[in-house]
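Please look over the sequence and the model shown here.

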Amino acid sequence: MKTYNYSDLSTADIAKLVQRNVDPANHIRDIVEEILANVKLNGDKALYEYALKFDGVVPDKLYLNKDELATLAEGVSPEQKAALDIAYKNIYAFHQTQLRTEDKVETMPGVTCWRELRPIERVGLYIPGGTAVLPSTLLMLGIPARIAGCKEIVVCTPPQKNGSVNAFVAYVALLLDIDKIYLAGGAQAIAAMAYGTETISKTDKIFGPGNQFVTKAKTIIQSTTTTAIDMPAGPSEVLVIADETANPAYIAADLLAQAEHGVDSQSILVATSAKIAEQAMDELNKQLPILPRAAIAATAIANSYIVITKDLNEAMDFSNQYAPEHLILATANWKLQTANIINAGSVFLGNLTPESVGDYASGTNHTLPTSSYARAYSGVSVDSFVKKITFQHITPEGIKNIGPTVEVLAELEGLQAHRNAVTLRMKK
């Protein structure tokens with residue numbers, strides 16, 4: 001991993017350093033736009049073609065029904081079921097608290113305003129398949145969708161080489177009372193949920209992480225269709241802030257945990273001394289070779305880097321500019337820094353809180369903004385699956401109280417019809 005001294009970096013250097021997953025030549029965009037257009041025009045036919053091209057299989061049909069999912073789920077061991085059940089329980093417990101009824105507010109006598117939640121009716125959940133099996137993502141998206149009360153939940157995931165899905169995804173689908181899983185992956189799955197095909201319904205909002213092609217597809221459909229997206233959630237990333245109180249072996253394990261996601265993942269170490277960085281790299285070199293996904297992790301690590309700062313405050317300054325998906329404070333002094341966190345998707349505090357627990361079972365959501373989008377986006381929550389509609393009611397007393405103010409404001413903006421709508425009611 002290349003090492004930089006924070007004090008040597010200019011503003012321009014930092015801006016370049018924190019940039020990732022860019023597509024300056026529009027290579028990815030061009031490919032994705034072609035896929036979107038093909039699926040929009042040819043529907044299921046295009047999905048079968050892309051299944052063969054990208055997944056190496058042509059499934060008998062584009063979905064698995066509930067009976068088929070139940071059969072697949074029989075392959076999950078009792079121990080694995082117990083782990084998935086605990087994850088389900090913890091994620092549900094955390095997200096359930098997010099469903100709140102707000103109080104009505106009387107802004108002035110006779111003028112009452114409030115908000116009410118309504119679930120988004122049709123939501124699409126994208127579950128990556130790629131090089132890793134991710135039943136955890138189905139939990140992270142399906143649980144808040146169910147809590148919110150969404151009427152229709154469309155789940156898409158790439159088919160495996162046998163034309164099916166793995167047993168763990170099937171088991172989670174049953175936990176969530178999902179009737180079907182659609183066998184489509186990549187940008188073509190996003191297109192199917194945005195436009196609709198003969199088999200897959202058009203949805204109102206699409207959720208889920210993915211590679212750069214999936215993320216590009218989501219951003220394009222958000223600006224060209226009536227389907228919204230949760231956020232740009234692309235290749236995964238972690239930034240670890242470490243000082244002399246950190247455990248080098250833990251730092252290395254956390255960097256590698258993120259790196260094994262994919263070759264385009266990024267693992268950044270921001271250390272308050274060269275010594276702790278060197279110790280962490282020694283540990284990383286010990287742990288890396290024994291990983292089953294060592295080749296993938298090694299490629300990601302080679303595209304990552306280290307920043308040396310003089311103290312934790314400087315480290316936090318760099319982190320806020322990077323705006324990481326995952327931020328780990330590997331320090332005993334984390335309580336002094338939490339108030340300084342401005343931009344991050346999810347934060348892991350102290351030496352005993354690995355990012356892995358948030359990925360699976362602590363309860364927080366692991367679908368988070370990447371590529372600096374944590375500057376403006378939050379991670380998925382129940383709020384992501386609902387609309388908050390405002391209401392107001394005016395009584396006879398209220399129209400007398402608020403009417404004159406509205407008349408003046410409408411007149412100063414030159415909107416006479418606005419003024420008249422109030423004046424007529426006041427006269428009556």
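The largest nonpolar core in this predicted model has 40 residues, and those with the most contacts inside it are Val123, Leu125, Leu138, Ile153, Val155 and Phe385. A nonpolar core is a set of buried Ala, Val, Leu, Ile, Met, Phe, Trp, Tyr and Cys residues joined through side-chain atoms within 4.5 Å. Buried means under 20% relative accessible area, exposed means over 50%, and partly exposed lies in between (1.4 Å probe, protein chains only). At least two residues of this core come from each of α4 (66-73), α5 (78-96), β5, α6 (135-148), β6, α7 (167-175) and β7 (181-183). Helix α6 gives the largest share, 8 residues. Helices (H or I, at least four residues) and strands (E, at least two) are DSSP runs, numbered from the N terminus.

Ile153 is in contact with Val123, Leu125, Ala145, Arg146 and Ile178, leaving aside its neighbours within four places in sequence. Contact means heavy atoms within 4.5 Å. A second, separate core has 28 residues, including Val32, Val39, Leu62 and Ile229. In soluble globular proteins, nonpolar side chains tend to be buried together.

Residues are numbered from 1 along each chain as its sequence is written. As the model is predicted, local features need pLDDT of at least 70 and side-chain atom pairs count only at pLDDT 80 or more, while totals for chains, interfaces and linings use all residues; side-chain values use heavy atoms, with hydrogens and water left out.

**A covered helix**

Helix α8 (residues 186-195) is largely enclosed by the rest of the structure, because 9 of its 10 residues are buried. Among them are Gly186, Gln188, Ile190 and Met193. The cover over the buried residues of α8 includes α2 (27-42), α3 (44-55), β5 (122-126), β6 (152-157), β8 (205-207) and α9 (212-224). After α8 comes Gly196, with a positive phi near 85 degrees.

**The sheet**

Six strands form an open sheet with parallel pairing, in the order β1-β12-β11-β10-β13-β14. β1 (2-5) and β14 (346-349) stand at the edges with a single partner strand each, so one side of each has no neighbour in the sheet. From one strand to the next, the twist averages 20 degrees. Two strands pair if DSSP finds at least two bridges between them.

Strand β13 (residues 326-330) is joined to β14 by 4 bridges, and β10 is joined to β13 by 5 bridges. Leu329 stands opposite Leu349 in β14, and Leu239 has Leu327 in β13 as its bridge partner. Which residues of β13 lie on each face? His326, Ile328 and Ala330 are on one side, Leu327 and Leu329 are on the other, and all are buried.

Helix α11 (residues 274-287) lies across β10 (237-242), β11 (266-271) and β12, at about 145 degrees to β11. Axes are lines fitted to C-alpha atoms, for helices over the stretch in contact, and angles run from 0 to 180 degrees between N-to-C directions.

**A serine in a loop**

Ser304 sits in the loop between α12 (294-302) and β12 (305-308). Is Ser304 buried or exposed? Ser304 is buried, because its relative accessible area is 4%. A polar atom of the Ser304 side chain lies 2.9 Å from the backbone nitrogen of Ser267, and a polar atom of that side chain lies 2.8 Å from the backbone oxygen of Ala300. Not counting residues up to four places away in sequence, Ser304 touches Met1, Lys2, Ser265, Gln266, Ser267 and Ile268.

**Ring pairs**

The whole structure holds 10 aromatic pairs. Rings of Phe, Tyr and Trp (its six-membered ring) pair if their centres lie within 6.5 Å; planes under 30 degrees apart count as stacked, over 60 as edge-to-face and the rest as tilted. Two pairs are set out below.

| Pair | Centre to centre | Angle of planes | Kind |
|---|---|---|---|
| Tyr4 and Tyr305 | 5.7 Å | 90 degrees | edge-to-face |
| Tyr50 and Phe54 | 5.6 Å | 15 degrees | stacked |

Tyr4 in strand β1 and Tyr305 in strand β12 are 301 residues apart, and their pair links distant parts of the chain. Tyr4 is partly exposed at 21% relative accessibility, whereas Tyr305 is buried at 4%. Ring pairs also link Tyr4, Tyr6, Tyr305, Phe318 and Tyr322 into a cluster.

Tyr50 and Phe54 both lie in helix α3, 4 residues apart, about one turn of the helix. Tyr50 is buried, with a relative accessible area of 7%, and Phe54 is partly exposed at 44%.

Definitions and conventions
A polar contact is a pair of N or O atoms within 3.5 Å; within protein, one must be able to donate a hydrogen and the other to accept it, and residues adjacent in sequence count only if both atoms are side-chain atoms.
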